[in-house]
Amino acid sequence: MSVPTRTERESDLTLTEAAPVRRTLPPWAPYAALAVAIAVGGTVTLAGVSAGLGAVLTVVLYVACVVTVSRLVEGPRKAKDRAVTTVVTSAFLLALAPLISVLATVISRGTARMDVEFFTFSMRGVVGEGGGVYHAITGTLMITGLATLISVPVGMLCGVYLVEYAKGRLATVITFFVDVMTGIPSIVAGLFAYALFALILGPGVRMGLMGAVALSVLMIPVVVRSTEEMLKLVPNELREAAYALAVPKWRMILKVVIPTALAGIATGVTLAIARVIGETAPLLVTVGITQSVNLNPFDGRMATLPVSAYYQYVNPGVPPDPSLDRAWSAALLLIIIVMALNLVARLISHRFAPKSGG
Amino acid sequence: MPLSETPSAVARPRLRAGDRVFAGLSTGAGLLILFVLAGVAAFLLVEAWPALTAPPEEVPGGRGVALYVWPLLFGTALSAVFALLIAAPLAVTIALFVTYYAPRALAQGLGYLIDLLAAVPSIIYGLWGFTVLAPATVGPSGWLADNLGFIPLFAGPVSATGRTMLVAILVLAVMILPIITAVVREAFRQVPRLHEEAARALGATQWEMLRMAVLPFGRSAIIGASMLGLGRALGETMAVTIVLSVSGGVTVNLISSGNPSTIAADIALQFPESTGLAVNTLIASGLVLFAVTFAVNMAARTVINRRSEFSGAN
């Protein structure tokens with residue numbers, strides 16, 4: 001019995017040795033190819049070709065190199081796999097390029113006017129150098145604040161309705177249209193606010209409240225979605241425990257469900273504010289622009305950071321440089337505010353994230 | 001049957017005043033969403049009505065609302081479709097990278113980097129496109145016109161400032177990239193793990209696994225996400241307003257200085273200085289934009305929702 005087994009094993013062994021062994025490239029091989037490609041691409045770039053063309057050349061060279069070697073050593077399937085890996089990775093790096101370029105441009109151009117005067121002066125009577133965006137900062141804060149005051153109650157109540165009350169068709173319809181509402185173009189939201197107020201107060205009306213209404217249209221669906229997601233995460237045991245203690249439903253929602261989900265909702269609201277605080281188009285058609293401080297959102301035009309950056313850029317004075325500097329600094333301020341809000345949102349959700357288990 | 005009656009009598013909730021008020025408030029908030037959407041259409045229609053019924057020669061341009069909106073609608077569609085053609089494949093590969101190729105520990109951070117692209121306000125993309133991207137495209141556009149000039153898209157003559165449709169398309173593509181990536185990533189995250197493992201167990205390479213198990217599962221999400229991105233691109237205003245140098249012609253030439261405007265950019269440019277019937281005309285064009293984006297978004301959501309009904313989760 002033992003003799004045939006041994007011969008079988010031996011024949012297996014010889015077969016394996018005779019068959020083409022599946023070889024793989026050593027792990028350092030792609031890096032070596034990359035180094036070669038970068039060296040060539042870098043040399044070409046230094047020799048005077050544009051950096052973009054040099055980068056393209058590097059990638060093409062790397063792919064060609066790796067695919068050819070891999071095809072010879074590992075076979076066509078592995079070669080294709082390696083090609084896809086390279087394409088996917090470079091697509092990601094390609095997408096980072098605009099982000100880096102945008103941030104670098106805004107930071108390098110925007111720091112020119114990050115001075116005290118910029119934050120404490122309005123543009124009233126300013127020609128040429130000097131002036132600031134104090135009026136625009138107050139305007140942006142007031143309009144965004146008003147929009148938040150409108151959106152948060154409405155959005156949270158709608159989220160509560162969808163999770164705690166809604167049944168059947170109406171819930172499906174509302175969920176669907178909340179999603180559709182997130183896609184309303186911001187300029188259409190602005191026109192809506194304009195049309196609404198023009199019908200009541202006559203054409204040509206401009207006031208801060210209109211801007212707040214327009215921003216609310218953009219903000220409400222975001223708040224609804226995040227409230228809905230967070231309320232769905234609240235465990236049913238908590239609700240049942242409250243019911244078991246004969247707590248009425250509305251107190252159960254206010255005292256148990258919402259406090260449990262509050263951190264998540266706060267994150268959502270912060271992200272919603274970050275989304276609308278940089279909106280230009282709806283404010284352009286509803287609030288307009290002014291050169292002075294206006295602290296009354298119910299009367300007249302107000303300046304806001306994005307709109308004032310826009311006008312500083314499209315209508316620069318002579319010479320244009322002071323105006324362009326103000327536009328870039330306003331843009332930098334805006335990007336700092338938006339990034340800070342995003343960071344705060346991450347911190348809230350990280351700090352107060354519901355602890356699983358334990 | 002006293003036994004079955006007693007519990008149902010106990011379980012029937014007593015309706016308290018607080019309950020009624022709160023239920024009423026939250027139902028009202030839900031209905032408000034529907035009213036707002038209907039209101040957007042209704043108020044825009046009311047304000048657009050004078051322009052729609054006015055004699056054609058009184059409308060700006062002098063040839064009626066339809067002929068005023070048509071070149072704008074063409075420009076809107078042209079820029080949005082090409083932006084989508086660039087952004088959609090890129091977004092899918094980025095979603096693949098973040099989900100399947102990036103090191104596990106870095107994946108979330110890298111995904112967050114892509115989300116940051118969405119956080120940048122559109123006016124800043126406009127300023128960036130005008131200052132950085134537009135001058136950078138002048139050289140390559142010249143090359144395109146010289147070598148691929150037989151394609152109508154690159155017929156030239158090349159714009160000297162670079163404020164062309166091509167730059168508007170590139171900026172739009174960057175702007176819609178994060179939303180498409182986010183939706184597609186969400187779909188890839190729901191791919192049943194067993195499908196992936198089955199493919200790997202059959203000896204598939206990473207790419208074969210993606211093609212057999214992941215991409216078919218994510219297909220409708222990819223379609224839906226692309227349509228969402230299309231909706232965003234159609235309605236994007238400030239970036240196009242700043243970047244594009246408009247001359248109003250209807251042309252597919254992407255690199256010349258004679259560009260059609262888009263509806264949104266036209267509104268942003270004209271509205272602040274308009275009065276009377278011009279405002280009504282602009283609102284009419286806004287209504288067209290609303291109708292188009294609304295239809296695109298509804299179709300997108302329908303496609304995405306259909307997928308979740310058949311996902312491996314249930």
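**Salt bridge and polar contacts**

Across the interface of chain A and chain B the rule finds 1 salt bridge. I then looked up polar contacts, which are pairs of N or O atoms within 3.5 Å, where within protein one atom must be able to donate a hydrogen and the other to accept it, and where residues adjacent in sequence count only if both atoms are side-chain atoms. For the interface of chain A and chain B I noted 9 residue pairs in polar contact, with both residues at pLDDT 80 or more.

Helix α4 (residues 76–110) of chain A gives 20 residues, the largest share of the side of chain A that touches chain B; helices here are DSSP runs of H or I with at least four residues, strands are runs of E with at least two, and both are numbered from the N terminus. I sorted the residues of that side of chain A into 59 nonpolar, 10 polar and 10 charged, with Ala, Val, Leu, Ile, Met, Phe, Trp, Tyr, Cys and Pro as nonpolar, Asp, Glu, Lys and Arg as charged, and the others, Gly among them, as polar.

**Extent of the interface**

Counting a contact as heavy atoms within 4.5 Å, I found that 79 residues of chain A and 80 residues of chain B take part. The area buried between the two chains is about 7000 Å², and carbon and sulfur atoms give 80% of that area; buried area is the accessible area (1.4 Å probe) that two parts lose on being put together, summed over both. Of the area that chain A buries against chain B, Val88(A), Phe92(A) and Leu191(A) supply 9%, more than any other three residues.

**Annotated spans**

I took the next entries from UniProt, whose positions follow the numbering used here, with feature names shortened and annotations that may be inferred rather than shown by experiment. The unreviewed entry lists "domain: ABC transmembrane type-1" for residues 137–345 of chain A, and I noted that this span is 78% helix and 0% strand, with its end C-alpha atoms 21 Å apart. For chain B, the unreviewed entry gives that domain annotation to residues 73–300, a span that is 76% helix and 0% strand, with end C-alpha atoms 20 Å apart.

Among the spans that UniProt lists as "transmembrane region" in chain A are residues 28–47 and 256–277. Residues 28–47 of chain A are 90% helix, with end C-alpha atoms 29 Å apart, whereas residues 256–277 of chain A are 100% helix, with end C-alpha atoms 31 Å apart.

**A loop residue in chain B**

I placed Leu153(B) in the loop between α5 (122–148) and α6 (165–189) of chain B. Beyond its neighbours within four places in sequence, Leu153(B) is in contact with residues including Phe82(B), Val252(B) and Ile255(B).

**Confidence**

I checked pLDDT, the predictor's confidence in each residue from 0 to 100, and chain A has a mean of 86, with 92% of its residues at 70 or more. In chain A, helix α1 (residues 2–18) has the lowest confidence, at a mean of 48, and helix α6 (residues 134–165) the highest, at 94. Chain B averages 87, but its residues 1–9 stay under 50 and have 0 contacts beyond four places in sequence. Where pLDDT is low, the predicted coordinates should not be read in detail.

**Conventions**

Residues are numbered from 1 along each chain as its sequence is written, and chains are lettered from A and ligands numbered from 1 in the order in which they are written. In this predicted model local features need pLDDT of at least 70, side-chain atom pairs count only at pLDDT 80 or more, and totals for chains, interfaces and linings use all residues, while side-chain values use heavy atoms, with hydrogens and water left out.

Conventions
A salt bridge is a side-chain nitrogen of Lys or Arg within 4 Å of a carboxyl oxygen of Asp or Glu.
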